[in-house]
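Reader: I'd like to go through this model with you, strand by strand and then the loops. Could you start with the terms we'll need?

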Amino acid sequence: MSTLAPSLPSSLPSSPPGAPGALGTAAARARSAVLEQRIRQDPGRFRVLTGDRPTGRLHLGHYFGTLHNRVRLQDLGAELFVIVADYQVLTDRDVADRLPEHVEELVLDHLAVGVDPERSTVFTHSAVPALNQLLLPFLSLVSVAELQRNPTVKDEIAHSRQSAVSGLMFTYPVHQAADILFCKANLVPVGQDQLPHLEITRTVARRFNDRYGSGGAVFPEPEALLSEAPLLLGTDGTKMSKSRGNAIQLAADADETARRIRGAKTDSERHIAYDPAGRPEVASLLLLAALCQGRTPEEVAAGIGSAGSAALKRTVTESVNEYLAPIRARRAAYAEDRGYLRRILREGNERAREVADRTLGEVRAAMNADY
């Protein structure tokens with residue numbers, strides 16, 4: 001496996017004037033459109049880093065938000081690295097509870113939706129020491145003020161479970177930079193809220209190259225592939241989240257799914273219409289059914305008409321259970337062999353360590369610390 005990720009085409013749209021390197025939403029969308037064209041033309045030029053914290057089972061929001069896209073990029077031929085970010089569980093909590101169980105559940109969810117360990121590398125933070133060693137030189141490349149200004153860090157601190165902000169939470173974006181740059185990923189699928197984190201990664205790469213590159217680039221400046229994923233609300237009408245207990249897990253059985261959807265928040269209007277601004281809860285359920293059926297929310301709404309919320313929930317339940325049936329079957333089959341899950345992680349960790357060790361060697365050489 002090559003440790004050098006191919007450079008991106010020079011024809012990508014440049015950053016906005018007066019904001020060198022900034023990845024504003026408009027610029028990111030323009031760049032993403034070009035990137036999608038390039039991926040279709042030559043997917044082998046792209047190395048993708050993505051992943052999740054193992055804090056519980058993944059749900060439909062994760063699936064339509066990120067998992068489906070990861071499998072798409074893998075199947076197109078891009079090189080996919082999936083990090084199980086076990087160290088980052090501690091960013092907003094004091095103890096990493098039930099960590100081995102959550103790590104295996106995360107691997108199960110990825111296998112069930114179609115991530116292929118023969119074509120993609122699935123690995124854990126804690127098993128790749130060289131990746132985490134990159135955090136030290138990378139921290140020297142950013143200022144405290146830059147971390148304090150990061151809007152995503154501010155939001156994560158505001159919603160932290162800890163009474164005091166840990167150093168790991170504060171330096172979270174730089175740890176993510178190490179996640180991305182250890183394998184020299186040049187493409188990172190993100191949501192809009194993650195753009196500031198990726199900009200920190202680009203800043204770290206650029207400053208390391210300027211300070212230590214001796215005329216050559218040690219790291220690529222990874223591009224954001226901005227997700228067009230729809231926002232799915234949880235059953236209580238707020239953002240679908242593992243921690244809020246309002247999500248439909250991929251691992252849930254048909255009965256549990258039906259029970260959760262029956263309890264989903266709607267409104268008192270009998271006629272069902274797709275109105276995201278005026279009727280967000282109803283619109284989210286329509287969107288979920290539409291995603292599962294491969295139709296538009298308006299088409300689903302027209303089919304229900306004035307039959308009311310009960311008919312809407314029946315439609316959503318049937319659509320979700322039919323869509324998830326093969327995913328759940330694969331998940332159950334993989335769950336029968338926990339040894340296989342551990343083997344996937346062992347092999348993925350080994351591949352990730354090889355890549356990280358080479359990258360750290362290059363970093364040491366560039367810093368004249370190779371002794």
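Author: Let me begin with pairing, since two strands pair if DSSP finds at least two bridges between them. Please also keep in mind that this is a predicted model.

Reader: How many residues of strand E1 are buried?

Author: Five of the six residues of strand E1 (residues 47-52) are buried, so the strand is largely enclosed by the rest of the structure.

Reader: Switching to the other pair, which strand does E4 pair with, and in what sense?

Author: E4 pairs with strand E5 (residues 223-226) in the parallel sense, over four bridges. Within that pairing, Val190 stands opposite Leu226 in E5.

Reader: Which residues cover the two faces of E4?

Author: Leu187 and Pro189 lie on one side of E4, with Val188 and Val190 on the other, and all of them are buried, which leaves both faces covered.

Reader: Now helices: how many residues of H9 are buried?

Author: Ten of the ten residues of helix H9 (residues 172-181) are buried, so H9 is largely enclosed by the rest of the structure. The buried residues include Tyr172, His175, Gln176 and Asp179, as well as Val174, Ile180 and Leu181.

Reader: I also wanted to check backbone angles. What is phi for Lys184, and where is Lys184 found?

Author: Lys184 has a positive phi of about 55° although it is not a glycine, and it is found in the loop between H9 and strand E4 (187-190).

Reader: Is Lys184 buried or exposed?

Author: Lys184 has a relative accessible area of 2%, and because buried means under 20%, Lys184 counts as buried.

Reader: What about Arg98, what is its phi near?

Author: Phi of Arg98 is near 50°, a positive value in a residue other than glycine. Arg98 lies in the loop between E2 and helix H3 (99-113).

Reader: Buried or exposed, for Arg98?

Author: Arg98 is exposed, with a relative accessible area of 53%, whereas Lys184 is buried at 2%.

Key
Residues numbered from 1 in each chain as written. Predicted model: local features only at pLDDT ≥ 70, side-chain atom pairs only at ≥ 80, totals over all residues. Heavy atoms only, no water. Buried < 20%, exposed > 50% of the residue type's maximum accessible area, 1.4 Å probe, protein only.
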